[in-house]
Amino acid sequence: MNTVTGKACIQAYAATPAAEESALQHPPLDCRILPATLTCLVGPHRLQLRAYLQMLAGISKAEHGKVEIFGQLSSELDKSSMRKLRSRIGYLSGTAPLLSVQHGLMNVMLPLLYHRNLSFRETADKARALISDLNCDFEPTTFPALLNSFQRSQLALARALIMEPTLLFLEVPFHDLGAQQREEMGKLLGNHIQHRAVCMIGGLQHTHFLEQYAQQIIFISEHKIINFSGWKAFMQSQDREVKALLSI
Amino acid sequence: MNFFGWIGQRFIELFLYIIDFTCFLIQSLSVWHAQRNVFNKAVYSSLLGQLIFTGVDAIVMISFLAVLAGIGVASQLIYIMHAITGASDLTAILARLVVSELGPVITGVILVGRSCSAIAVDLGNTKVRGEIEPLEYLGIDVDDYFVVPRIVCMIISQVTLALYFSIIMTLCGVFFSAYIYNFSAQESLTQLLNTVDVNVVTVFMVKNLFFGLIIGAMACFHGLLVETSPTQVPQQMQKAVVRGLVFLFLADGYFFLFTL
């Protein structure tokens with residue numbers, strides 16, 4: 001298991017997500033996500049992984065077991081406490097686009113404008129600084145429809161980071177990116193996840209990234225959940241299902 | 001299914017629809033509770049954008065229609081009243097029919113056709129493209145950011161545009177009639193102003209506030225009913241417009257009975 005010690009950002013105790021439209025079985029998950037570590041959920045079913053990720057992020061409630069986020073039980077939070085909690089958590093969804101009726105800069109500014117009482121100028125300055133830090137070589141006031149998928153991913157990352165979250169969720173961050181762009185996105189993520197607890201799915205789309213940064217890999221299938229202490233342990237696994245996944 | 005079964009089913013659907021709509025409205029407006037910073041900057045910017053789109057951008061169209069309605073409708077009413085009763089009932093008719101009735105209803109119909117449909121399509125497309133969910137994951141409340149600003153702007157627009165429409169229509173009607181039928185416009189307008197009291201203004205404001213609330217809430221409700229298919233967007237837009245008009249006229253009927 002993980003070698004990094006400290007108070008966990010997330011702790012799951014035999015937690016299973018709600019089945020919703022999926023007919024897949026959900027085995028109970030026990031895990032700790034520590035500060036400044038990257039945990040990747042891998043498995044053969046994207047929908048299943050997404051359900052676990054959303055449960056760990058507090059977006060959906062655990063059907064069985066419990067999930068603690070920053071020491072608070074996610075199932076016991078009311079709407080207002082949940083909103084406060086969410087303002088401390090970044091969430092990047094590679095498949096879900098930016099708000100198309102707002103330009104890029106406004107998309108990045110939005111969470112900050114909503115949660116903090118900063119002026120427009122202060123917020124815009126902060127957003128511009130972050131966008132420039134993420135090597136965006138385009139005019140930030142461009143509308144998302146006029147940007148390519150990598151530029152949109154850069155803005156989506158900026159939007160997830162603008163609140164300076166200590167906990168970051170990445171849902172298929174390499175989605176819709178070419179090999180070169182995955183490498184660049186991997187570098188950008190690498191630079192910005194160092195001091196954060198990160199939990200992601202879709203890491204197998206760019207295995208080099210997992211090899212470099214993942215301290216914990218959780219394999220989830222319909223029948224079992226296995227925790228690995230990093231890429232090497234995952235690769236050396238003799239489990240049949242893990243091998244089958246790696247062979248795809 | 002026989003005829004009565006069909007009627008019964010329609011009634012049940014209508015009843016459930018009204019309950020759904022009412023719950024949506026209450027839930028949406030409840031985000032603005034006392035402790036909340038009502039005008040947080042993100043909501044404020046959304047509010048300003050909507051106000052420009054729903055209110056300011058509609059002024060040219062409203063002005064044009066108000067002039068046409070003033071010349072075409074109000075002047076005919078004035079002519080008929082002059083021919084039948086002389087000038088004695090003219091101001092009462094103008095106050096009752098043109099200012100209290102035609103102004104709010106025509107403005108409401110314009111807003112339903114222009115903004116209600118646009119809001120339903122905008123929200124529907126935003127939902128289909130999956131742009132709302134990531135914002136919720138970042139702690140941004142859908143009702144707070146998407147729904148309430150649109151409803152509030154619709155109310156503000158309906159009240160101000162209806163007032164503007166009524167004034168322009170009345171002025172155009174009176175001046176046009178005075179020019180054609182040769183009577184004193186100044187006298188008619190002075191009499192009209194004298195008939196306006198607190199009651200008339202209150203009913204006018206409440207009526208328009210209610211119209212705006214219905215149109216805005218109907219647009220958002222149907223826009224957010226869209227789920228994953230783009231084909232649902234025009235369907236919900238159509239429902240928003242048709243039901244918006246139906247509820248608008250129902251509300252108008254209620255106010256007519258209330259103010260009799």
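This is a predicted model: local features need pLDDT of at least 70, side-chain atom pairs count only at pLDDT 80 or more; totals for chains, interfaces and linings use all residues.
1. Let's start with Ser74(A). You'll find Ser74(A) in the loop between β5 (72-73) and α2 (79-86) of chain A. Is Ser74(A) buried or exposed? Ser74(A) counts as buried, because it has 24 C-beta neighbours inside 10 Å, and 20 or more is enough for that label.

2. Who does Ser74(A) touch? Leaving out residues up to four places away in sequence, Ser74(A) touches Gly58(A), Lys61(A), Val67(A) and Ile69(A). Phe219(A) sits 145 residues from Ser74(A) along the chain, and the C-alpha atoms of the two are separated by 23 Å.

3. Now for where the chains meet. On chain A, 19 residues are in contact with 18 residues of chain B. Which elements give two or more residues to the chain A side? They are α2, β6 (89-93) and α3 (104-115) of chain A, and α3(A) supplies the largest share, five residues. By class, the chain A side divides into twelve nonpolar, five polar and two charged residues.

4. Over in chain B, have a look at two helices. Two packed helices are described by the angle between their axes and the distance between the axes. Helix α6 (residues 142-181) of chain B and helix α7 (residues 185-195) of chain B pack at about 145 degrees, with axes 9 Å apart. The crossing of α6(B) past α7(B) is right-handed.

5. Zooming in on that helix contact, α6(B) brings Thr170(B), Val174(B), Phe175(B) and Ala178(B), while α7(B) brings Ala185(B), Ser188(B), Leu189(B) and Leu192(B). Sorted by class, the contact of α6(B) with α7(B) has six nonpolar residues, two polar ones and no charged ones.

Definitions and conventions: Residues are numbered from 1 along each chain as its sequence is written. Chains are lettered from A and ligands numbered from 1 in the order in which they are written. Axes are lines fitted to C-alpha atoms, for helices over the stretch in contact, and angles run from 0 to 180 degrees between N-to-C directions. Helices (H or I, at least four residues) and strands (E, at least two) are DSSP runs, numbered from the N terminus. A crossing is left-handed if the near helix is turned anticlockwise from the far one by less than a right angle, and right-handed if clockwise. Two residues are in contact if their C-beta atoms, placed from the backbone, lie within 7 Å. Ala, Val, Leu, Ile, Met, Phe, Trp, Tyr, Cys and Pro count as nonpolar, Asp, Glu, Lys and Arg as charged, and the others, Gly among them, as polar. A residue is buried if 20 or more other C-beta atoms lie within 10 Å of its own, exposed if 12 or fewer, and partly exposed in between; C-beta atoms are placed from the backbone.
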